[in-house]
Amino acid sequence: MSSSAAVQRRFDLAAMGDAATRRQRRVGNEDDDDDDEEEDDQGSEAWGRAYADERSWEDLQEDESGLLRPIDTKALAYAQYRRRLLQKCAASATSSIQKGLIRYLYLIIDLSRAASVTDYRPSRMVAVAKCAEIFIREFFDQNPLSHMGIVTIKDGVAHQLTEIGGSPESQIRALMGKLECSGDASLQNALELVHGYLSHIPSYGHREVLFLYSALNTCDPGDIMETIQKCKKAKIRCSLIGLSAEFFICKHLCEETGGSYTVALDESHFKELFLEHAPPLPAIAEYATANLIKMGFPQRGAEGVIAICSCHKDVKIGGGYTCPRCKARVCELPSECRICGLTLVSSPHLARSYHHLFPVTPFNEVSSAVPFKVSQKFAQTCYSCQQSFVSHGSKSTPHVSCPKCNQAFCLDCDIYIHESLHNCPGCESRPGSTT
């Protein structure tokens, strides 16, 4: 081979190497571009998911001039409170209503695969669990003499998560530890389970069942109509809150047993519907029987004393309460003595049930359109918290007044008086008033 031919071959090899290198670089650049595009797509999808989860468009509303303004959540919450208060008062004014102060409620939660749907943030199961925790605390605060148990439905089977009792903390702790979704839901199995427990409740107790139902079907082993009639005969009131849509068998169940059937539109509506079941409901006429109930007021056990708890059959040191009839030890109040069957309560429990029998009269709204100069002859501060009603403009801030004592209160104190205090400070401070 001549020298010129060798040189030409080296040039050809170098050109081939350069072409291969350029192809590799071009392929590498294309891969990098594809990776960048995938990362951009993933980033945009993540941003879209975060934006959809926040639902920030729901926090805006259109004003009279067509501009978008943020929703006044405080005013919205107060409007919902006033609507609930006026509805309760209107129902009480129409007839003499008997309230069920001693309630035995089973909360039945649907944990089938339908509870994993993400139309509620982050899922139906999580939204139900959060609201259930709030409801359980509110239930025992509004019903100090009542008891509650929790049942879950999944895989076509109903499971008793907690026994019926009077401790909110034990109920919440058990619920939060068993949040798993699987299988189908079964209304009939849940009704059969709670019927077996509630049928033994004394006649003075109001038997109630509240379903939180996510599914649109029910997988039942038999005739559910017979089970509904059994619950009706046992005077068990069944109510249901649906998280998806209305369907016939749920409506039929509630109509037959005297309960209520509602379907939630979103998370806030679901919470509102859920908390409506916390206060004592008007008793059904044929279920309401007046009875004299024997109750015992146990004493608190001394610290350091060793005793066997009749509730858990376990040895405990200190604490607990001693039954005044048989001297057995129980852990919590209210409860029923496992030895002699006496209902055990404390005096604060009876005192806290009083406000449901004699509720505070709804306050009258004072219009904020009254000019400040005209309103000067009225109260300028809240009678309870001393907050001023004077605004920066020429109008006074919205407030209410008691129709009995004519004292003025701000909106926050109005809610506190009717939902927590249950006594009007103006009426209670008048000379000669009795509590």
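**The largest cavity and what surrounds it**

Guide: The lining of the largest cavity is made up of four nonpolar, two polar and three charged residues. Here nonpolar stands for Ala, Val, Leu, Ile, Met, Phe, Trp, Tyr, Cys and Pro, charged for Asp, Glu, Lys and Arg, and polar for the others, Gly among them. This is a predicted model, in which local features need pLDDT of at least 70 and side-chain atom pairs count only at pLDDT 80 or more, while totals for chains, interfaces and linings use all residues. Residues are numbered from 1 along each chain as its sequence is written, and side-chain values use heavy atoms, with hydrogens and water left out.

The structure holds one cavity of 30 Å³ or more. A cavity is a set of points on a 1 Å grid over the protein atoms alone where a 1.4 Å probe fits but cannot get out, and lining residues have an atom within 4 Å of a point. The space in the largest cavity comes to about 50 Å³, taken as the space filled by probe spheres set on the points, which are joined across faces, edges and corners.

The residues around the largest cavity are R103, L105, E208, V209, L210, R237, S239, H277 and L281. Two or more of the lining residues come from each of β3 (103-110), β6 (206-213) and β7 (236-242). With three residues, β6 gives the most. Strands such as these are DSSP runs of E with at least two residues, helices are runs of H or I with at least four, and both are numbered from the N terminus.

V209 leads from the cavity to the core. This residue lines the largest cavity, and V209 is also one of the residues with the most contacts inside the largest nonpolar core, together with I108, L187, F211, Y213, L240 and C250. That core has 35 residues. A nonpolar core joins buried Ala, Val, Leu, Ile, Met, Phe, Trp, Tyr and Cys residues through side-chain atoms within 4.5 Å, where buried means under 20% relative accessible area with a 1.4 Å probe, protein chains only. In soluble globular proteins, nonpolar side chains tend to be buried together.

The largest share, five residues, comes from α5. I108, leaving aside neighbours within four places in sequence, touches V151, I153, A190, V194, V209, L210, F211 and L212, contact being heavy atoms within 4.5 Å. A second, separate core of 28 residues includes M125, F139, M148 and A264.

On α7, the buried residues are I249, C250, H252, L253, C254 and T257. These residues pack against α5, β6, α6, β7 and β8 (261-263). Just after α7, G258 takes a positive phi of about 85 degrees.

The average pLDDT, the predictor's confidence in each residue from 0 to 100, is 80, and 75% of the residues score at least 70. Over residues 39-47 pLDDT stays under 50, and the model has zero contacts there beyond four places in sequence. Where pLDDT is low, the predicted coordinates should not be read in detail.

Key:
On a 1 Å grid over the protein atoms alone, a cavity is a set of points where a 1.4 Å probe fits but cannot get out, and a pocket is an open set with protein on both sides within 12 Å along at least five of seven lines; lining residues have an atom within 4 Å of a point. Buried means under 20% relative accessible area, exposed over 50%, partly exposed in between (1.4 Å probe, protein chains only).
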